[in-house]
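The sequence and the structure are shown first.

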2 protein chains.
Amino acid sequence: MSSVVNNDKHSSRFQVILDKNNNFYKPESSRSKCTPFYIETEQCGLLRPEFVKQLVNYPDVFVKDKDEKDREIVRLAPDLKTPLIRTEKVNAVMEELRAKDLFCGLRGWRNENYDVKTKFSNQPLMCIERAAADLLGIVHYGVHVNGYFYNDSGELMMWIGRRSPNKPTYPNMMDNMCAGGLATGLGVRECMMKECAEEASVEDDDLNNLVAVGTVSYCYEDERGVFPECQFVFDLELTSDFVPENADGEVGSFEAHPISKVQELIITNDFKPNCSLVILDFLIRHGIISPENEPHYVTLVEQIHKPLLNLYR
Amino acid sequence: MSSVVNNDKHSSRFQVILDKNNNFYKPESSRSKCTPFYIETEQCGLLRPEFVKQLVNYPDVFVKDKDEKDREIVRLAPDLKTPLIRTEKVNAVMEELRAKDLFCGLRGWRNENYDVKTKFSNQPLMCIERAAADLLGIVHYGVHVNGYFYNDSGELMMWIGRRSPNKPTYPNMMDNMCAGGLATGLGVRECMMKECAEEASVEDDDLNNLVAVGTVSYCYEDERGVFPECQFVFDLELTSDFVPENADGEVGSFEAHPISKVQELIITNDFKPNCSLVILDFLIRHGIISPENEPHYVTLVEQIHKPLLNLYR
């Protein structure tokens, strides 16, 4: 046994990916200033102070209250009893705040609804416009696929998308082959198949090869809001003659890179951070990053799987 | 959107596996009564009250103290400055407690040393006898392999070990094909290869197919102590004509089962709990358990990856 040299200061070169995706866990984040958001007896969001200040101006929808530990919380008005009425009332507030242009997050309004649930397997308590979900710090679910193939020399190659310059978020950045938010009413696999067809023109035969391989979960914040996210991850092995073609204008182009090159790309600022995380998980599951070549292996795996519901405690 | 039916009470049929492996997180566990164990400025264990009572009888080794939050802690005597001297002094106390036969955990003494680290990538602060590590609530690391093959009809089959009736722990129970604790001085892959050779007579050619695929982490307690554990998981695809043969007496027999049968076996009490967890992770990574057939998919993945260092906060 060697002397007590602490390696703590040396972190993985992939740590940069975790730092971006999990910046909400850092001491300097807004986490300690956030107010829990409750529907009925369950916390289902986290509100930054500047947002609380606005919400309490709508006391028929958002009510200041205390929880059982006497912490200040914001509660959805208890007389809003059905998912439908909650969705309507909250949406009306969000539309008003959007019209006032107080929050840049609401500029990204998409007319796409997300379910608000206390956990994924529960029934939704209400729905909410995707852009407003970030302001309420509600857990988002989405789907990502690692599209890969072996070239004629047997080398593992991965398809990387380049986001369209017209995308409102992360324009021009590198991305997984396909990905998308899980909108209200869509099944997980159904959503993944839809994205594969629309974003990369994957045909039905190849879609049968989609394999669900787990989830990644993380929480970050930026100028738009707080993003506790859980992505359902799929692997899709393709034939070497398949070339993805975008059909919906969301992807600018696709490039296939050897996996060794992909390892370098995902730590650059050119990569959309959560897509880097999905590929990091791929590299670990496929033994490309291993305990032998990555001393911080245990830490990486742990940080790819943040327990999101703990955020609320 | 349907009405507010909460599915919370319905859990996965695999939840029983998580309940066993993560029983330390339950409200009724001894967790809230445990005292943090520190070496230098770092917490690296958790002590149950009955154990604290004995340790404080050795004040030249274990010192009652307070941490920066004014919580009661037990600290390794600060004048024990090197890993070697700490190992010697702590071991002497453990040998004395073993001689008194106060703790059933110490009856399982194996003369096998574990490293005590604040995290896996750090240098060890000391070593400790495996049986005593549980009393100190120190994170254990180990290796497990999923040995599988496709039979002539293309069906995925998995090799399940039956533990020897002579094993001191979990005799006769079903197990992964091979597994073992990561003893001081062994590399992760090296340890896995050694276990595969000793426990199942896997030959060098096949060992090259060992793929590191991540970790599982969990924390349970039983009459022996507290077990925060992190297992490095490997997948090993074997040829259909390979038959494992035990060489070290630790495994009684091996059986190959179709993966559909394995899914039923791992939820029985006949299976060693952490081996069930490793196979649950396999089923998820290989798309056998999927978001389509398992509504509690997100919860399962989260509970397979408990952040162990959070235990100490």
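## Domains, sheet and chain contact

In this predicted model, the domain assignment of chain A gives two entries, domain 1 (15–20 + 140–312) and domain 2 (30–136). The centres of domain 1 of chain A and domain 2 of chain A, taken over C-alpha atoms, are separated by 29 Å. Their contact draws 16 residues from domain 1 of chain A and 19 residues from domain 2 of chain A. On the side of domain 1 of chain A that touches domain 2 of chain A, the elements that give two or more residues are β7 (140–150) and β12 (225–237) of chain A, and β12(A) gives the most, with three residues.

Chain A also has an open sheet of four strands, in the order β2-β1-β4-β3 and with mixed pairing. Since β2 (42–47) and β3 (62–66) of chain A stand at the edges and have a single partner strand each, one side of each is left without a neighbour in the sheet. From one strand to the next, the twist averages 35°. The pairing of β1 (residues 35–39) of chain A with β2(A) is antiparallel and runs over five bridges, and Ile39(A) stands opposite Glu42(A) in β2(A).

The contact between the chains takes 42 residues from chain B and 42 residues from chain A. On the side of chain B that touches chain A, at least two residues each come from α3 (83–100), α5 (188–200), β11 (211–222), β12 (225–237), α8 (273–285) and α9 (297–304) of chain B, with the largest share, six residues, supplied by β11(B).

The table gives the residue classes for the two contact sides described above.

Which residues of α5(B) are buried? They are Val188(B), Cys191(B), Met192(B), Met193(B), Glu195(B), Cys196(B), Glu199(B) and Ala200(B). The cover over the buried residues of α5(B) includes β7 (140–150), β10 (178–181), α6 (204–207), β12 and β13 (251–258) of chain B. After α5(B) comes Ser201(B), which has a positive phi, near 55°.

Methods
Residues are numbered from 1 along each chain as its sequence is written. Chains are lettered from A and ligands numbered from 1 in the order in which they are written. This is a predicted model: local features need pLDDT of at least 70, side-chain atom pairs count only at pLDDT 80 or more; totals for chains, interfaces and linings use all residues. Two residues are in contact if their C-beta atoms, placed from the backbone, lie within 7 Å. A residue is buried if 20 or more other C-beta atoms lie within 10 Å of its own, exposed if 12 or fewer, and partly exposed in between; C-beta atoms are placed from the backbone. Two strands pair if DSSP finds at least two bridges between them. Axes are lines fitted to C-alpha atoms, for helices over the stretch in contact, and angles run from 0 to 180 degrees between N-to-C directions. Domain bounds come from an automatic or database domain assignment.
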